[in-house]
Amino acid sequence: MNSIFLLALLWRFITADSSFMDGMEKAVLVSPVLEILDWSCLRLVYQITGAGSLQVHQRQEGDNFDYTLWSVDKPSDSWLIASIDLRNTSNTYQLLMEGQPRKETGSSVALFEIHIVPGYCIECNFEEHHLCGYSNHWNPNVNWYVGGSLARDPQSNLPDDHTMNNQRGHYMYVDSVYAKHFQEVAKLTSAMTTTPVSGCLSFYYQRDQERGNIFSVFTRDTLGHYEEIWRPEVYATISWRLVNVDIKAPHPLEVVFEVAFNSARGGYVAIDDISFSPEFCHTETEPLVDPSIANCDFEKDLCHYHRERVASKVWNWVTVKPNAYRIGDHTTGTGSFLLVNTYFTLWYGYMGRLHGPFLPGNHKYCLRFYYALHGFRSVDNALMIYIYDENNVAQEKVWSLTETTREIWTKVDITYTKPMTTKVVFVSICQNFWDCPLLALDDIRVAIGDCRIPAGPVPGECDFETGDCGYTQEKTDSGDWLRVQGQTPTSYTGPRGDHTTGVGYFMYIEASLMRPGHTARMLSTDLRGSMEPHCLIFYYHMYGSGTGILSVLLRRGDTHREALLWRRHGEQSISWMRAMLDYMCDCRHQIVFEAIRGPSIRSDIAVDDIVIKKGPCTADLGDNIPYSGFSENLIEFEY
């Protein structure tokens, strides 16, 4: 039997209706425990009437979180099909279909069919009525149609189906007979994959009328960017012809089959039996490269980066211990980073280049890094990013620093593509000692893909950029955690910006709105519990002469008893500091962030970038700050 789990009732369906819900409730349908070793495709036939949302989650055994695979909140006046990739795994899991109709009268979320089949969602032989989620982009004159069947016109020159090799099978075709304008285009588009795919895309096609049409295959990403991956070398075929084309996609995509006709005598194009393999079709195809060799947090050394000899005194590897005057590194708040300024040089001006490792060409790279400025001097030429080739020739300047916020780590995203092997070079130029600020660089990351394509939410991770991630306030009369952007209003306390980007959102307590000793408590969503250890990572900011106490507690769901996991008291640093701690709880529980206001209004406390993940924390990344946390231990610099 091809299907693994099937729910379909003839002319019946299952629904969540607003008539029986309050608009905040969620209806959850849970699958049996599934053990699916091979890559598979979940197909849903659904409809959202009025206002509402539908989400599909994967619940893995022994994990605190459900992983969101797919979601939709657009209403429709008909049944729609969703195709959701299920990656191969040796672990058992369950699927959860979560429907939430809004309070508006007549709103509902309905499911008609749930079907899991082996293989990739972009595969299709077009024998099923749902066409595997492929859709035609409607055009008044030329469109893709289902071909085959015994009922077709006997005078037609259209081919037999490839799958069954007879007239009973089906395929997709587009015909020029109704084309009225030059370059009339028909598009057949797959469903958007819900996970990155790389490998060999195969399909069969037939093409009639030499030079009468233009046939191409594209991929399209979530930003709408097209990339042509194939076009035929021959104009006409008398039989089905097999095509194999390699796809290397680090992000979700659609496959688009596009035909453009020059006239009504442009013939036809037919396709059938689309398949996919994780192995590349061609041995000469290079696998996806691992650009992580260009990653560096500068905690242990310069990684694969190097300074030019004349720049060895320009880019300096430094450490700033926690203090109340100058920010530390971005990674931990107590670690190392690169700093450039004439303070370290023996001359009044300089040009310093920091060279990264070489990366192969013909890939789209996403470069991310953080920089911080100190001082109030000009930023002209303080930092520029160049792409160099193997001959050390600059190919392009892809970014340069403009005026920005001072004394805060700011995130930069750069997407670039070059056909040749290249490297990233960080350049800082200073013409005169009096014109050059201190500039810091940290946490360089390079990945395959486009920086503008969001990675999507990860269970257990929250940077507060788009909301509170389900964290809630414990209602008290004392105070609240506030989600804000930018610098906090009270001087000499609180952060200048968030930890994630430098210009984003974070949670904090505003001490001026509270009294000494007042408490604000922020609770995570319910976590299921596990027999395995988990690692809690977060960044906290405790700067101000009157800073109070920040505690992290574990609240058990069965008894509501709380256990202290971590605590800091008093001013810690002007920097965001990283905390990492292991914990284990085998029952339903919540993580509680508790802030207690100190004796003065300079007592703001903030948190950001919370991560709860399976497994113990890495041993060498722990929160090993060797001081009590009181302000008298903080004022110490080390370069």
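Biologist: Which residue in β18 is the bridge partner of Val 185?

Modeller: Please note that this is a predicted model. Strands of a sheet pair through backbone hydrogen bonds, either parallel or antiparallel. Here, Val 185 has Ala 260 of β18 as its bridge partner. Strands β13 (residues 184-189) and β18 (residues 253-261) run antiparallel and are joined by six bridges.

Biologist: In what order do the strands of the open sheet lie?

Modeller: The five strands follow the order β10-β13-β18-β15-β16, and their pairing is antiparallel. At the edges are β10 (135-137) and β16 (226-230), each of which pairs on one side only. On average, neighbouring strands of this sheet are turned by 30° against each other, direction ignored.

Biologist: Which residues touch the most other members of the largest nonpolar core?

Modeller: In soluble globular proteins, nonpolar side chains tend to be buried together. The largest nonpolar core has 37 residues, of which Trp 315, Phe 369, Leu 383 and Phe 426 touch the most other members. Among the elements giving two or more residues to this core are β24 (363-374), β27 (410-418) and β28 (422-430). A second, separate core has 35 residues, including Val 197, Trp 230, Val 245 and Phe 261.

Biologist: What does Phe 369 touch?

Modeller: Beyond four places away in sequence, the residues that Phe 369 touches include Leu 383, Trp 399, Val 412 and Phe 426, as well as Asp 442 and Asp 443.

Biologist: Why does Gln 572 count as buried?

Modeller: Gln 572 counts as buried because its relative accessibility is 1%, and the cut-off is under 20%. Gln 572 lies in the loop between β37 (562-569) and β38 (577-583). The Gln 572 side chain reaches the backbone oxygen of Gly 570 at 3.1 Å.

Notes
Residues numbered from 1 in each chain as written. Predicted model: local features only at pLDDT ≥ 70, side-chain atom pairs only at ≥ 80, totals over all residues. Heavy atoms only, no water. Core = buried A, V, L, I, M, F, W, Y, C linked by side-chain atoms within 4.5 Å. Buried < 20%, exposed > 50% of the residue type's maximum accessible area, 1.4 Å probe, protein only. Helix = DSSP H or I, 4+ residues; strand = E, 2+ residues; numbered from the N terminus. Contact = heavy atoms within 4.5 Å. Polar contact = N/O pair within 3.5 Å; in protein donor to acceptor, adjacent residues only side chain to side chain. Pairing = 2+ DSSP bridges. Axes fitted to C-alpha atoms, helices over the stretch in contact; angles between N-to-C directions.
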